[in-house]
Amino acid sequence: MKHVGRRTEAKDIVSREQLVFRELLTAARTYYVRTDGNDSNTGLSNTAGGAFATIQKAIDTAAALDGSIYQITISIASGTYAGIVLKKYVGSVPIAITGDTTTPANVTITTTAPDCILGEDVGAWKLGGLKLQNTTGGTGLHLRGATVVAFSGTMEFGACSSRHMFLIAGARLSIEAPWRITGSSPYHISASVYSFFLVTNQPCTLVGSLEFSASFLECLGSEMRVFGVTFTGSATGARYYVAFNGLIRVYGAGANYLPGDAAGSTDGTGIYL
């Protein structure tokens with residue numbers, strides 16, 4: 001029995017050593033990111049000697065905390081940055097990633113990877129003041145599974161080879177601020193497999209000669225609600241495609257409401273109303 005007791009004690013010691021201890025926040029915290037920063041810095045001051053150099057380092061650092069009830073903000077200075085992967089975190093307040101909400105193009109995320117921003121089963125996040133551009137075969141914003149993102153500040157979408165935004169497997173996106181489209185993409189927003197998209201009473205500005213070669217909105221077995229949006233500017237391509245019992249609800253705004261110069265369509269099971 002003594003031998004068994006020693007084995008149990010040793011197992012307990014290993015378990016204790018494997019525990020991860022998180023810093024518990026007692027106040028809101030901001031991490032700063034600058035192109036002249038360094039990922040070996042603390043990220044806690046908006047100077048070259050204090051800020052991180054990459055957004056991913058700030059995300060990794062924030063995800064290692066226990067945010068409790070306090071806001072964690074990742075503040076990004078002007079510049080061009082590599083693509084990022086959102087992470088699951090501990091805390092009751094969505095982490096906010098904020099660039100330049102007046103001129104989002106000042107903070108551009110571009111990548112040679114499939115996505116500028118990827119979030120899969122990462123809970124709730126807020127984004128604002130960023131321009132997403134991906135011309136190497138990928139997507140601007142890619143959300144999967146138990147992921148909920150809100151645009152809390154103006155966002156901008158440049159050219160993307162696949163989609164500006166892609167929701168799949170139950171992901172949710174709400175646009176709660178104005179947004180701009182300055183580059184073409186086969187789809188602006190694609191929602192697939194029980195995903196949900198919502199925008200209410202926000203302006204969308206389309207700039208330049210834009211083309212959505214597949215459709216502006218694509219809804220496959222999901223729900224998309226677009227209410228009270230003022231679209232300024234024009235584009236070519238189909239306005240929508242809805243299939244597999246999906247629903248695009250524009251609240252009676254009509255078949256020509258969404259950007260595009262070609263009629264939308266359904267597969268016979270999808271509904272546009």
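1. Start with the core: among the 64 residues in the largest nonpolar core, the ones touching the most other members are Ile-97, Ile-117, Leu-130, Phe-151, Val-226 and Phe-231. Helix 2 supplies the largest share of this core, 5 residues. By nonpolar core I mean a set of buried Ala, Val, Leu, Ile, Met, Phe, Trp, Tyr and Cys residues joined through side-chain atoms within 4.5 Å. Buried is under 20% relative accessible area, exposed over 50%, and partly exposed in between (1.4 Å probe, protein chains only).

2. Before going further, a caveat: this is a predicted model, where local features need pLDDT of at least 70 and side-chain atom pairs count only at pLDDT 80 or more, while totals for chains, interfaces and linings use all residues. Residues are numbered from 1 along each chain as its sequence is written, and side-chain values use heavy atoms, with hydrogens and water left out.

3. The overall picture: the chain has 2 helices and 27 strands. These are DSSP runs numbered from the N terminus (helices H or I, at least four residues; strands E, at least two). The C-alpha trace spans about 75 × 50 × 35 Å along its principal axes, and 47% of the 273 residues are buried. Of the contacts between residues at least 6 apart in sequence, 69% join residues at least 24 apart; contact here means heavy atoms within 4.5 Å.

4. Ten strands make an open sheet with parallel pairing, in the order 1-2-5-8-11-14-17-21-25-27. Its edges are strand 1 (29–33) and strand 27 (271–272), each pairing on one side only. Helix 2 packs on this sheet, touching strand 1, strand 2 (72–76), strand 5 (95–98) and strand 8 (123–128), and its direction makes about 160° with that of strand 1. For that angle, axes are lines fitted to C-alpha atoms, for helices over the stretch in contact, and angles run from 0 to 180 degrees between N-to-C directions. Two strands count as paired if DSSP finds at least two bridges between them. Inside the sheet, strand 17 (residues 196–200) runs parallel to strand 21 (residues 223–227) over 5 bridges, with Val-199 partnered by Val-226.

5. Helix 2 itself (residues 55–63) is mostly covered, with 7 of its 9 residues buried. Those are Ile-55, Gln-56, Ala-58, Ile-59, Thr-61, Ala-62 and Ala-63.

6. Have a look at strand 24 (residues 240–243) too, where Ala-243 lies. It pairs in the parallel sense with strand 20 (residues 215–220) over 4 bridges and with strand 26 (residues 265–266) over 2 bridges. Tyr-241 stands opposite Glu-218 and also opposite Ser-265. Ala-243 counts as buried because its relative accessibility is 0%, and Ala-243 touches Cys-219, Leu-220, Gly-221, Asp-267, Thr-269 and Gly-270, leaving aside residues up to four places away in sequence.

7. On charges, there are 8 salt bridges (a side-chain nitrogen of Lys or Arg within 4 Å of a carboxyl oxygen of Asp or Glu). The Lys-131 to Glu-156 one has an N to O distance of 3.7 Å. Lys-131 lies in strand 9 (residues 131–134) and Glu-156 in strand 12 (residues 155–160), so the pair ties together parts that are 25 residues apart in sequence. Both residues are buried, and salt bridges with shared partners join Lys-131, Glu-156 and Arg-180 into one network.

8. One more pair: Arg-29 and Glu-23 form a salt bridge, with their closest N and O atoms 2.6 Å apart. Arg-29 is buried at 19% relative accessible area, whereas Glu-23 is partly exposed at 41%.
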